[in-house]
Amino acid sequence: MWNPPAKERLEKIPRLYETEDIPIKDTLVYLHFHIFSSHWFITEYNGCDLFFGYAILNGDTINSEWGYVCFNDLKAISVQDVEITCEPETSWRIRPVSEVTEIQL
């Protein structure tokens, strides 16, 4: 994995179910993982291995959805020797879902 998120960055992410009373458009997106046209936007974390967020696989925005993904599974993604990357803090600003244009509301 390129640019794995630092422990301090992971600790900022709310735990699973902590944001369920917040309107989805106002929920904050803490991390953005991507490889080619696949994207994972992370909003919650269990502190161990499980994320909750929005996934767009292979550019398919029609079938994109909210759900769970294991951190270890993300770290293992590699396509033709290209590894998944986590957008670094210097370029990814924590923002509400409403400001992430790729997420279909």
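Mentor: Let us begin with Trp66, which counts as partly exposed because its relative accessibility is 27%, where buried stands for under 20% relative accessible area, exposed for over 50% and partly exposed for what lies in between, using a 1.4 Å probe and protein chains only. Please keep in mind that this is a predicted model, in which local features need pLDDT of at least 70 and side-chain atom pairs count only at pLDDT 80 or more, while totals for chains, interfaces and linings use all residues. Residues are numbered from 1 along each chain as its sequence is written, and side-chain values use heavy atoms, with hydrogens and water left out.

Rings of Phe, Tyr and Trp, the last represented by its six-membered ring, form a pair if their centres lie within 6.5 Å, and the pair is stacked when the planes are under 30 degrees apart, edge-to-face when they are over 60, and tilted otherwise. By this rule there are 8 aromatic pairs. One of them joins Phe41 and Trp92, and it is tilted because the planes stand at 40 degrees, with the ring centres 6.1 Å apart. This pair links distant parts of the chain, since Phe41 belongs to strand 3 and Trp92 to the loop between strand 8 (85-86) and strand 9 (95-96), 51 residues apart; strands here are DSSP runs of E with at least two residues, numbered from the N terminus. Phe41 is buried, with a relative accessible area of 1%, and Trp92 is also counted as buried, at 7%.

The second pair brings us back to Trp66, whose ring centre is 5.9 Å from that of Phe52, and because the two planes meet at 15 degrees the pair is stacked. Here too distant parts of the chain are linked, with Phe52 in strand 4 and Trp66 in strand 5, 14 residues apart. Phe52 is buried at a relative accessible area of 19%, whereas Trp66 is partly exposed.

Elsewhere, ring pairs join Phe33, Tyr45, Phe51 and Phe71 into a cluster. A charge can also sit over a ring, which requires NZ of Lys or CZ of Arg within 6 Å of the ring centre and within 35 degrees of the ring normal. Lys75 lies in this way over the face of Phe71, at 4.3 Å from the ring centre, and the charged end of Arg95 sits over the ring of Trp92, 3.7 Å from its centre.

How values were computed. Helix = DSSP H or I, 4+ residues; strand = E, 2+ residues; numbered from the N terminus.
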